[in-house]
Amino acid sequence: MRAYTPKDDVQAKSYYTDRFYVSPQVAKQDVSSDEVFAADLEAIKAKFEVLEAYIQVEQMVVYINAKDNVDVIKLVKEELDYTQLSEMSAIDWIAKSGQFEIFYQMLSMGKRKRIRIKCFIGKDEAINSVEKLFRSADWSEREMYDMFGIEVNNHPFLKRILMPYDWEGYPLLKTYPLEGDEFAAWYEVDKIYGKEARDIIGPEIRDTARVDRYDSERFGRLGHEVPKGTKITGNEPKTPLAYQEEGGVFMIDRFDEEKSVIITDRNR
Amino acid sequence: MQHQNRLRPFFENITFDRDDNEMILNFGPQHPSAHGQLRLMLHLQQEMITKAHPDIGYLHRGMEKMAENMIYNEFMPTTDRMDYIASSSNNYGFALAVEKLIGLEVPRRAKVIRMLLLEINRLMSHLFWLATTALDIGAMTVFLFAFREREYLMDLIEDYCGARLTHAAIRIGGVPLDLPDNFIADMRRFLDKLPENIKDYEDLLDTNRIWRMRMEDVGVVSKEMALSWGCTGPMLRASGVAWDIRKEEPYELYSEVEFKVPVSDKGDNFARYRIYMEEMRQSAHILYQVADMYEETIKNNQTDLMAHAPKYISAPKIDIMTQNYSLMQHFVLVTQGMRPPVGEVYIPTESPKGELGFYINSQGGPYPYRLKLRAPSFWHTGILTDLLPGHYIPDVVSIIGTTNIVFGEVDR
Amino acid sequence: MAQHKVNYTQNAGLPVALTTIDKVVNWGRSNSIWALTYGLACCGIEMMASGASRYDFDRYGTIFRASPRQADVMIVAGTLTKKHAEFIKRLYDQMTEPRWVISMGSCANTGGMFNTYATVQGVDRIIPVDLYLPGCAPRPETLQYGVMLLQKKIRAEKAIKSQKTKRLM
Ligand code: SF4
C-alpha cells in the first residue's frame, strides 16, 4: 500500500514524529506588561475591534478584522508614530481553515518599537491596499499577489512581480510543489523552442544524487576526456592535465615547472 | 547560423504609432551596470525620464519555498546566496532569528567571532559597492584599488571558513570554528593600512569633477519618500534619519562597542557615497575593539563556541565521538532536524545594505511553516519607480549604483 | 622602455615565422578571448574578481565586453532562472561565430542547490555549453583554468573550415 500524502499540503514533512511529542510554545506576554504597547493597544481598541493581542519576542501582535486594515494602519501611522511598514506578506492556512493570514510588520523609530498587525481573509476574498499610506506596500502587495494569488483592491498596478507575466500557478501556496508543476517544468523549453522540442531536450533531471559516470553528453570528465556523445567503457586512457599541448604552442613559450619559481610565502 | 526558435524580435522599445516624442528604453535585464539582473523600462522625453518601471524577478530562485522544505540548519547555506556580497550577515540574521525563536543565549566567544565576521563583511560589501559604482561612473582605478583591499578581506574570511564568497560561517547557536592563530594579527595589519587606502579612494574621487557632477544633487531621496518606501541602512541615513539598528536596538555585542553612525540630510548620491566611506572607517574602529575583546576571552578562558541546548543544538564534536547520548542527539538533529517551539518571530538586523529581517512562523515541526525574508534591496529597487522620473539617462547608472542593490536579495 | 628579446635569426635568419593558417588564426583566437559579461548571481562576483586586480584576466587577453556582438565567449556565471532563460538565448544568438560558452558554477551547470520551480536545471537546456566549471562559487583560479582549457580546445579546432554549428536541437 502506498503511503498517504495529503493533497492540500505537498511540502516536506518530517518522516517521524513521536506520538507523545507536544511542541512547546514561544512565550506570550500580556500587553499590559509593556506601557508603550499597552497605550498603543488602547488607542487601537478605542476605534476598532481587536480580536486578540499579545507580546511575543518583544513585539506586539494585534489581530484585527480584515475590513479594518487600511484604517487601522492609518491610525497607527498617523497617531501612533509607526512610520515604516517594514514588511507585509501572507501565510497560507488553507489546508487548516481555508484562510490566508496577512501580516503587516510596522516599525516606530521614535518609540523603538515594532508591532505586527494581522488579519485573516477567506480563500477567494480580496484585501484592501495600503499603498496610499506606504509606498512600500506597492511592491509587497504585488509580491503577495504573485506568490499567493491574493487579490488586492485599489492597487495601482496589480501584476506579477517576481515570476514572469505569463506564469501559471502561485508558488508559495502549500499545494504547489517545490519542484514546480508540469507548466513550470517545461516553461523555458515551451517558450523558446516550442512544445515539439520537449522530446529532444528531455525532462529536467532533478535528482540531486544522480551520478552517471557513463554520461558523456552532459559532462566532460577531466583527465579522461572523450568526445561528446561517445560511449564510455571505463577504460579510457588518461589524458594528462595540462594547459598546453605537448608540442608547445605557436609563438608562446611552454610553461616549465622546473624553471619557474613557486612563491609559498604569501606575505612576500 | 541561428538556431530555430520561437523568440520573436523585440519591438517593445519602439512605439511606431506614437507621434509624441515618447520613447521607451529597455534597460537590462542583462546590463553591465545594472548590478545584476535589473530590467528598467524607461519612458523618455528627449533625454529626460518621465516614467520608470523596474522589472525584477530575473533572479527569483524560490528561497522562501525552499525554506519551507528544509530543516533549519539545512537552510543556512541558502541564506548565503541572498546578499552574496556579504554572506555572513545573512547567516547571522537567520541564526539570530532561530535563536530568538528557541530562546537561546550564545556563548561570549562565539558572539565576539560573529561580530568580527559581521564587520568584516560590512567592509567587504562597502568596498565592493565603491568598486562597482566607481566602475559604472568610469573611475576604473578605484575599482582596481578597492578590489585589491577586498581580496585581503577575502583571504581573512578564507582563513576562517575556507570559502571566499559563500561563507556559511555561522551556525544556529554559535559558530563552528575558533579563529585561526594569526587571524587577529593579520586583521590588525590590514586595518592599520585601511585608513590610508580609504584616503586614496577619497583623493581620487572627492575632488574629481566628473565624480562630483554625477553624484551631487542627483537622485535626491527626501525623508518622507525614504520612510514611505521602507528604505533602511545607508539609503535612509543619507536622507536624514539617524536610524541604525546596531545602535537603536542593539543585538550581539554592539551595545559594548563604541562607534558613530554617520548621517546626512542631503539625500543625494554624494551623501550616500560619503556615508559608505564613513561607515568603513567606523567598521574598522569596531573591529579594533572586537579584536581586543577576543583576546580578553582567551585570557578569561571562555572557550565555548556553541550554545549548550541538547534539544536543539548538537554537542561539540568531541562529545559526539565519545558519549553515547550526544551521538544519539546528534543523529536525531541531523536526520530529523530541530523542532523549535510553536510561535513566530520577526528579527531585524543591520546588514550592510539595511534592515535584513527574518520572519519565521514555526508550527513546532522541523520545517518552518512560513519564512519571509525581508531584504533591504527589495525596497531600494522599488524606490527607483519614484526616484528616476525627472532624471537624465546617465543619472540612472549612478543612482542604481548608489542604492547598492544586490539581486540575490531583491528577488530571493 | 621594455626590451623585447625577439630572436630574429631563429628561422633561417629571416624575420619570418613559417606556420599554417590554422595555427595563426587559432593563435589569434585563443589569445584574445573576449568574454561577454554575463554575471547572473553570486558567481558573477567571482567573475568580476577574476577580472580585477589580483587575478588580472587581461593577461590572458580576456577582456570583458558588454556587447554580445564583440564577444567570443559567454561566461554564464550564476543561476539562470526561467524568467531569464529567454534572454540568454537571445544574447547567444546575437554573438558572432565562432562562439563558445563557459558555464560557471553549479547553478549554471545543473541548477545547483536551487532545485526549485524557478530555476532552469542547467543552461545546457537552452544553449550548447563547451566547458563546465564546478564549484559554488568556483574560485577565480577555476575560471582561469577554464579559460586555459578553452584556449586549448580552440587550438585543436580547424580554424578556416566553417564552424560546425553547435546544435542543441
Ligand atoms: S553556483 Fe553557487 S555561487 Fe554560483 S550562482 Fe549558484 S549559488 Fe551562487
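Predicted model: local features only at pLDDT ≥ 70, side-chain atom pairs only at ≥ 80, totals over all residues.

Student: Is Asp217(B) buried or exposed?

Tutor: The backbone of Asp217(B) has a positive phi, near 60 degrees, in a residue other than glycine. A residue counts as exposed when its relative accessible area is over 50%. Asp217(B) has a relative accessibility of 54%, and therefore it counts as exposed.

Student: Is Glu252(B) buried or exposed?

Tutor: Glu252(B) is found in the loop between helix 10 (245-248) and helix 11 (269-299) of chain B. Its phi is positive, about 45 degrees, although Glu252(B) is not a glycine. Most residues other than glycine have a negative phi. The cut-off for a buried residue is under 20% relative accessible area, and Glu252(B), at 14%, therefore counts as buried.

Student: Which residues come nearest to the ligand?

Tutor: The ligand sits in the largest cavity. Residues from chains B and C surround the ligand, so the site is shared between chains. There are 13 residues around the ligand, and those that come nearest are Cys42(C), Cys43(C), Ser106(C), Cys107(C) and Cys136(C).

Student: Which helices of chain C each supply at least two residues of the shell around the ligand?

Tutor: Chain C has five helices and five strands. Its elements, from the N terminus on, run α-β-α-β-β-α-β-α-β-α. The helices that each supply at least two residues of the shell are helix 2 (42-51) and helix 4 (106-110).

Student: How many of the 10 residues of helix 2 of chain C are buried?

Tutor: The buried residues of helix 2 include Cys42(C) and Cys43(C), both of which are among the residues nearest to the ligand. Gly44(C), Ile45(C), Glu46(C) and Met47(C) are also buried. Helix 2 is largely enclosed by the rest of the structure, because the number of its residues that are buried is nine.

Student: What is the relative accessible area of Asn109(C)?

Tutor: Asn109(C) lies in helix 4 of chain C. Asn109(C) and Tyr38(C) are 71 residues apart in sequence and 14 Å apart in space, C-alpha to C-alpha. Asn109(C) is buried, and its relative accessible area is 5%.

Student: Which residues are joined by a cis peptide bond with omega of about -10 degrees?

Tutor: Most peptide bonds are trans. One partner of this cis bond, Ala137(C), is found in the loop between strand 5 (131-133) and helix 5 (140-156) of chain C. The bond joins Cys136(C) and Ala137(C).

Student: What percentage of the residues in chain A is buried?

Tutor: Chain A has seven helices and eight strands. It exposes about 15,300 Å², of which carbon and sulfur atoms supply 52%. In chain C, buried residues make up 57% of the 169 residues. Of the 268 residues in chain A, the buried share is 45%.

Definitions and conventions. Residues numbered from 1 in each chain as written. Chains lettered and ligands numbered in written order. Heavy atoms only, no water. Helix = DSSP H or I, 4+ residues; strand = E, 2+ residues; numbered from the N terminus. Buried < 20%, exposed > 50% of the residue type's maximum accessible area, 1.4 Å probe, protein only. Near = heavy atom within 4 Å. 1 Å grid on protein atoms, 1.4 Å probe; cavity = no way out; pocket = protein on both sides within 12 Å on 5 of 7 lines; lining within 4 Å. Sits in = over half its atoms within 2 Å of the grid points. Areas by Shrake-Rupley, 256 points an atom, 1.4 Å probe, with all protein chains shown as cover.
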